[in-house]
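Thank you for making time for this. I would like to take you through one structure, slowly, and in the order in which I looked at it.

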Amino acid sequence: MWRPPQKIKWKPDPGRWPAAAEAARSRLFSPLAAGPLQLATRTWVPAMVPWRATDDGFVTQDNVDWYARFAAGRPGAIVVEATGIRDVPSGPLLRIGHDRFVPGLRRIVDAVHEASGGETKVFIQLIDFLAIRRRPEPVKYLGQHLRIGERHRAALGMAGADDAEVRARLLQLAPQDLEAVLDARELEALRMGARERVTDLHLPHIRALPQVLPDLFAGAARRAREAGFDGIELHYAHAYTMASFLSALNDRDDGYGATLEGRARLPLEVLRRVREAVGRDVVVGCRYLADECVAGGSGVDDATYFGVAFARAGMDFLSLSRGGKFDDAQQPAVGGSAYPYTGPSGYECMPHHVSDDKGPFGRNVLATTRIRAALREQGLATPVVLTGGMHGFAQAEALLAADEADVIGFARQSLADPDWFVKVRSGRGDAVGVCIYANYCEALDERHEQVTCQIWDRLALDEPGLRKSHDGKRRLLPPAWRP
């Protein structure tokens, strides 16, 4: 993963912990009531993919145990990991593209409600993504997969040569010399792995996305309601399909790109169809980017426009993230896939304790609070979930008390200690396992390995009945807290 050149080493600084009486009076542990969004506390566990589903996308016991363990800490809400809306193979990622997935997802809902005593609401994040290929062996790509055309022959001075002759010549070229022969997308396919974009209008299935996606999201939302989820989070963030429609890099000429209105059109149409499918009693919100953090991408002004448009269209909450794009991802090894959290924009999403002068804590605060202020100026009361480097009570409470956020999301901190919420609430903040922002979890996620935390995954490995990772070296859940 990319690191800032300053290489300043930061230590976690959660600040002081409250006594139980102070926590009980706090804004953080007060309820939120905003239309269908009803939370017992203003605490939130954002979606994190733990890679525990089957290769066919079905819920496993490890999925159920994972979410039950988070629910035991009693946060206000848990968002279940990005769950694919298409009925297509996608590896050990949860899916909701067919009714056969509903019974397993219902097990997660029931486990969260039971483990939290009914206190924690459980939402599901719905995602669509386009095709991405692994970085190929150069010999295979140039010798077999590249489509040879007259442009290649002209660049090589090989007019009239057959494809085999052209391929043989390409294989003789030094890597830097290929730049004079291959176009930008061909070079990308060779060096990074081919990747579809929402702007590839020459591909019929890409051109048809605006006609296809609203019904796919609506069908997934209907299944989420049938599974008993309290709400739905539409994944409009990072490197995936819906975020790509919102991006300033989306120059589609069919009314679904180029302008702010055009870029927001499909996300709003998806929201409309989802709302028709689930009604007003099911919470529907979205996760989107306060800043893409890539050259030519959307910034805070764009995100403010989108936030106002989403709120006016009836989103029940807005959860803000940042970065995490393919555009600046690091080159994968041959046979590996590009990972959108390895470049500078990925760092903005998941900053490390080795950082710049901003540090890893609260990098998304200024952008999020600016967007929320714009909503309030427009008379829109839609709750805003502020996330990114949140790990201390004082930090979270100050933002809420200053009326700069409505809910605080704790992602990596809740992974480091799912009991953060119940510990702090009971005056035992001194017992919290504080996230050190080493991104051990992020490294596992990049390899699509079962995600754990280095703070706890080597503890009590001899515990009876302990479920371990596939390699048998790590526990899959943190030990239970016994006050």
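What you see is a predicted model, in which local features need pLDDT of at least 70 and side-chain atom pairs count only at pLDDT 80 or more, while totals for chains, interfaces and linings use all residues. Residues are numbered from 1 along each chain as its sequence is written, and side-chain values use heavy atoms, with hydrogens and water left out.

Let me start with the barrel. Eight strands close it in the order β4-β5-β6-β7-β8-β9-β11-β12, with parallel pairing; strands here are DSSP E runs of at least two residues and helices are H or I runs of at least four, both numbered from the N terminus, and two strands pair if DSSP finds at least two bridges between them. Neighbouring strands of this sheet are turned by 30 degrees against each other on average, direction ignored, where axes are lines fitted to C-alpha atoms, for helices over the stretch in contact, and angles run from 0 to 180 degrees between N-to-C directions. Strand β4, residues 43-45, and strand β5, residues 77-84, pair in the parallel sense over 2 bridges, and V45 has I78 in β5 as its bridge partner. Helix α2, residues 61-71, lies across β4 and β5 and runs at about 155 degrees to β5, while helix α3, residues 102-115, lies across β5 and β6 at about 150 degrees to β6.

Now to the aromatic rings. The structure holds 18 aromatic pairs, a pair being Phe, Tyr or Trp rings (for Trp the six-membered ring) with centres within 6.5 Å, stacked if the planes are under 30 degrees apart, edge-to-face if over 60 and tilted otherwise. Which kind of pair do W2 and Y347 form? Their centres are 5.6 Å apart and their planes stand at 80 degrees, so the pair is edge-to-face. Because W2 lies in the segment before β1 and Y347 in helix α13, this pair ties together parts that are 345 residues apart in sequence. W2 is partly exposed at 30% relative accessibility, whereas Y347 is buried at 0%; buried means under 20% relative accessible area, exposed over 50% and partly exposed in between, with a 1.4 Å probe and protein chains only.

W44 and F317 are also edge-to-face, with ring centres 5.0 Å apart and planes at 70 degrees. This pair links W44 in strand β4 to F317 in the loop between α12 and β9, 273 residues apart. W44 is buried at 0% relative accessible area, and F317 is likewise buried, at 0%. Elsewhere, ring pairs link Y236, Y288, Y305, F306 and F310 into a cluster.

Leaving aside neighbours within four places in sequence, S321 is in contact (heavy atoms within 4.5 Å) with residues including H238, R287, Y288, D291 and N364.

Finally, the backbone. Most residues other than glycine have a negative phi. A258, however, has a positive phi near 75 degrees; A258 sits in the loop between α10 and α11 and is exposed, at 52% relative accessible area. H448 has a positive phi near 60 degrees, lies in the segment after α18, and is partly exposed at 46%.
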